[in-house]
Amino acid sequence: MLDVALKISVALFAIAIVLNLYRVTVGPSLPDRILALDTMYVNSIALIVLFGIWLGDRTYFEAALLIAMLGFVSTVAVCKYLLRGDIIE
Amino acid sequence: MIALYTLMEGVIAFFLIAGSIFALIGSLGLTRMKDFYMRLHGPSKISTLGVGCVLLASITYFSLLDGGPSLRELLITIFLFITAPVSAHMLSKSALHQKLARDPRTRGEPKEFQEDDEQTVEEAPQGDSKLP
């Protein structure tokens, strides 16, 4: 049961990442692209955690935590750049 | 004991399927909505909930594998649940700053859209008064 559920949820997350990639490419404005990139970070965290469950390995947890932190910091930095024209004033 | 393992496997499978469906609905909203302010809703709420469900499944799985509680994935969950509203707030502020186009049926007028001429008038005397 767990194998089938893992395969189905990996497929659904892959479809979600493809939809985000469409919004990154097409998105008419800059905040759209930043939002789609942020969503891609979140979905890739879930994919890495799923891969860790698949292999039964705990090492991938740290990669997911790193991606979470870097994704948040980069989103806030790019938004700050759009707001102020500068990141650190 | 076998029944417990089967039950927990069902719980993990339910969390995995529910989380991936939530994340897919959030990304579908990001793709299909008309307006940036509408598109912000899907990823900032529903995708975060989906990833939270997947991390809950991971917590359950590794707790069952270890035979004790393994709560390290809870760190990612708490971090995501704290940072998702902050990044959504920053994104909406930058969209209001850029004055992105919105759906004409949207009600209300945010104050970033109203003050076009008054800002330049108000900022000039402040700059003079702050000079030593």
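The predictor assigns the complex an ipTM of 0.88 and a pTM of 0.83. Chain B has a mean pLDDT of 82, with 86% of its residues at 70 or more. Within chain B, confidence is highest in α1(B), at a mean of 90, and lowest in helix α6 (residues 118-129), at 48. Over residues 119-132 of chain B, pLDDT stays under 50, and the model shows zero contacts beyond four places in sequence for this stretch. Where pLDDT is low, predicted coordinates should not be read in detail.

Of the 132 residues in chain B, 33% are buried. Among contacts in chain B between residues at least 6 apart in sequence, 60% join residues at least 24 apart.

One pair of helices inside chain B can be looked at in detail. The axes of α3(B) and α4(B) come within 9 Å and cross at roughly 175°. An angle over 145 degrees counts as roughly antiparallel, and α3(B) and α4(B) are therefore roughly antiparallel to each other. On the α3(B) side, the contact is formed by Ser44(B), Thr48(B), Val51(B), Gly52(B), Leu55(B), Ser58(B) and Ile59(B). On the α4(B) side, the residues include Leu74(B), Ile76(B), Leu80(B), Phe81(B) and Ala84(B). By class, the contact of α3(B) with α4(B) has nine nonpolar, five polar and one charged residues.

Two helix pairs between the chains are worth a visit. In one of them, α1(A) and α1(B) pack at an angle of about 15°, with their axes 9 Å apart. Angles under 35 degrees count as roughly parallel, and α1(A) and α1(B) are therefore roughly parallel to each other. The crossing of α1(A) past α1(B) is left-handed. In this contact of α1(A) with α1(B) there are 19 nonpolar, six polar and two charged residues.

The other pair joins helix α2 (residues 30-55) of chain A to α3(B), with axes that come within 10 Å and cross at roughly 15°. That angle makes α2(A) roughly parallel to α3(B). The crossing of α2(A) and α3(B) is left-handed. Among the residues of α2(A) in this contact are Leu35(A), Val42(A), Ile45(A), Val49(A) and Ile53(A). They belong to a group that meets residues of α3(B) including Pro43(B), Val51(B), Val54(B), Leu55(B) and Tyr61(B). The contact of α2(A) with α3(B) divides into twelve nonpolar, seven polar and one charged residues.

Asp3(A) sits in helix α1 (residues 2-26) of chain A. Because Asp3(A) has 9 C-beta neighbours inside 10 Å, Asp3(A) counts as exposed. Asp3(A) and Trp54(A) are 51 residues apart in sequence, and their C-alpha atoms are 8.0 Å apart in space.

In helix α1 of chain B lies Ile25(B). With 17 C-beta neighbours inside 10 Å, Ile25(B) counts as partly exposed. Ile25(B) and Gly10(B) are 15 residues apart in sequence and 22 Å apart in space, C-alpha to C-alpha.

Lys99(B) is found in the loop between α4 and α5 (111-114) of chain B. Most residues other than glycine have a negative phi. Lys99(B) has a positive phi of about 55°, although it is not a glycine. Lys99(B) counts as exposed because it has 11 C-beta neighbours inside 10 Å.

Definitions and conventions
Residues are numbered from 1 along each chain as its sequence is written. Chains are lettered from A and ligands numbered from 1 in the order in which they are written. This is a predicted model: local features need pLDDT of at least 70, side-chain atom pairs count only at pLDDT 80 or more; totals for chains, interfaces and linings use all residues. A residue is buried if 20 or more other C-beta atoms lie within 10 Å of its own, exposed if 12 or fewer, and partly exposed in between; C-beta atoms are placed from the backbone. Two residues are in contact if their C-beta atoms, placed from the backbone, lie within 7 Å. Axes are lines fitted to C-alpha atoms, for helices over the stretch in contact, and angles run from 0 to 180 degrees between N-to-C directions. Helices (H or I, at least four residues) and strands (E, at least two) are DSSP runs, numbered from the N terminus. Angles under 35 degrees count as roughly parallel, over 145 as roughly antiparallel, 65 to 115 as roughly perpendicular and the rest as oblique. A crossing is left-handed if the near helix is turned anticlockwise from the far one by less than a right angle, and right-handed if clockwise. Ala, Val, Leu, Ile, Met, Phe, Trp, Tyr, Cys and Pro count as nonpolar, Asp, Glu, Lys and Arg as charged, and the others, Gly among them, as polar. pLDDT is the predictor's confidence in each residue, from 0 to 100.
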